[in-house]
Amino acid sequence: MTDVLISGAGVAGPTLAWWLRRQGFRPTVVERAPALRDGGYKVDVRGAALTVLDRMGLLEQVRRRDTGMRLARFVDASGAQLATMDAALFGGREGDDVEVLRGDLARLLVDATRDVEYLFGDSIAALEPAADGVDVTFAGGGRRRFDLVVGADGLHSTVRRLAFGPAATHLRPLGHHIAICAVPAEFGEERVELMHPAPGRSVGVYRTAGAPDARALFLFPSPAEEPDHRDLPAQRAALARAFEGAGWRVPELLAAAADAPDFYFAPMSQVRMDRWSTGRIGLVGDAGYGPSPASGQGTSLGLVGAYVLAAALAEAGGDPVAGFAAYERRMRPFVEANQRLAERNLAGMVLSSAARIRFQTSMLRLMPRLPGRERMIRRVTEPIRRAAGAITLPDTPAAAR
């Protein structure tokens with residue numbers, strides 16, 4: 001039996017473990033966090049990723065966890081409404097697409113893999129490849145040998161750094177940072193996303209149906225000196241500087257972010273690599289090809305990538321050279337199609353001037369009365385829908401049927 005260590009218990013890691021386990025492999029998942037975190041920001045699942053969840057028998061459970069968002073409301077510095085937008089258009093959602101909280105999806109996937117060994121509160125400290133395996137030293141002091149190691153550990157992947165070199169070699173900055181955290185429910189309207197656009201920066205707050213709190217998102221130009229990804233005080237200080245003098249309820253939201261236990265701060269960057277494997281070590285999801293939150297496709301890429309990798313390794317009988325090569329051949333065009341969405345989407349998320357904000361909100365106010373409205377909406381959503389389905393999934397391996 002092939003032993004596979006997967007680093008990361010987000011979305012791609014547990015999905016890969018689910019498929020590997022059902023194809024005769026023995027996966028182990030190591031996760032730095034001491035436990036899963038519920039909630040998180042909302043993410044979209046669409047296209048081929050829905051097929052993956054359906055083949056896992058989880059699609060209906062995911063649908064039951066849909067956020068149910070119905071409206072985006074744009075407000076000015078005084079809180080006055082500028083325009084509204086249907087949530088389906090706002091998120092590029094169409095048809096069967098699902099929007100869930102990231103933590104809810106991760107927990108569902110972990111719950112579906114209770115037959116897999118999870119090592120919470122630990123991480124990989126060193127990797128020593130050998131001809132017939134990889135010797136892994138854990139931060140907690142343990143040492144084990146695995147046949148394969150897969151990094152599913154996100155933008156700041158430890159596996160990628162250890163096997164492929166410094167992060168800066170593989171990250172392509174998009175010029176903006178994002179910060180996300182939970183804030184008191186009083187800041188949000190149920191099933192509504194409140195958006196406050198300002199030149200060069202934007203703030204959003206939403207609350208899903210029945211949620212005990214709201215979620216805030218800050219999008220802003222990258223600071224001249226980026227704080228270390230583990231230095232929370234420096235990150236909070238950088239966020240406060242970026243929104244100094246902002247109107248609406250931004251000062252109150254910044255005060256809430258200063259104490260938020262789930263505070264997340266990261267560059268809007270893409271992971272661009274010439275290859276996603278070396279020897280017996282490979283990457284999946286954001287660790288290998290993160291498209292950035294601006295694409296709206298990171299979660300879907302993680303789900304699809306995990307499925308394709310598991311199928312390729314099963315077809316290759318666990319051989320890493322053949323399995324990783326087949327995985328990359330099938331996935332790379334899909335990844336590139338979805339990464340191209342990021343810059344297009346980012347241009348509409350952060351507007352550079354007050355004049356552009358006025359033009360956008362004026363168009364939104366006029367849209368319900370414009371002839372050809374449906375055609376205009378399709379022009380916005382069609383590139384997202386096309387990229388989300390730009391792959392032919394391999395058949396479900398016989399052992400998983």
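A: R63 and E60 both sit in helix α3 (residues 59–63), three residues apart, about one turn of the helix. Helices here are DSSP runs of H or I, at least four residues, and strands are E runs of at least two, numbered from the N terminus. This is a predicted model: local features need pLDDT of at least 70, side-chain atom pairs count only at pLDDT 80 or more, and totals for chains, interfaces and linings use all residues. Residues are numbered from 1 along each chain as its sequence is written, and side-chain values use heavy atoms, with hydrogens and water left out.

Q: What do R63 and E60 form, and how far apart are the closest N and O atoms?
A: A salt bridge, with R63 and E60 at 3.7 Å. The term means a side-chain nitrogen of Lys or Arg within 4 Å of a carboxyl oxygen of Asp or Glu.

Q: How many salt bridges by this rule?
A: The count is 23. One of them pairs D3 with R26, the closest N and O atoms being 2.5 Å apart. That pair links distant parts of the chain, with D3 in strand β1 and R26 in strand β2, 23 residues apart.

Q: Switching to the sheet: what is the strand order?
A: It is an open sheet of six strands, β7-β2-β1-β11-β18-β17, with mixed pairing; two strands pair if DSSP finds at least two bridges between them.

Q: Which strands stand at the edges?
A: β7 (117–120) and β17 (277–278), each with a single partner strand, so one side of each has no neighbour in the sheet. β17 runs antiparallel to β18 (residues 281–283), joined by two bridges.
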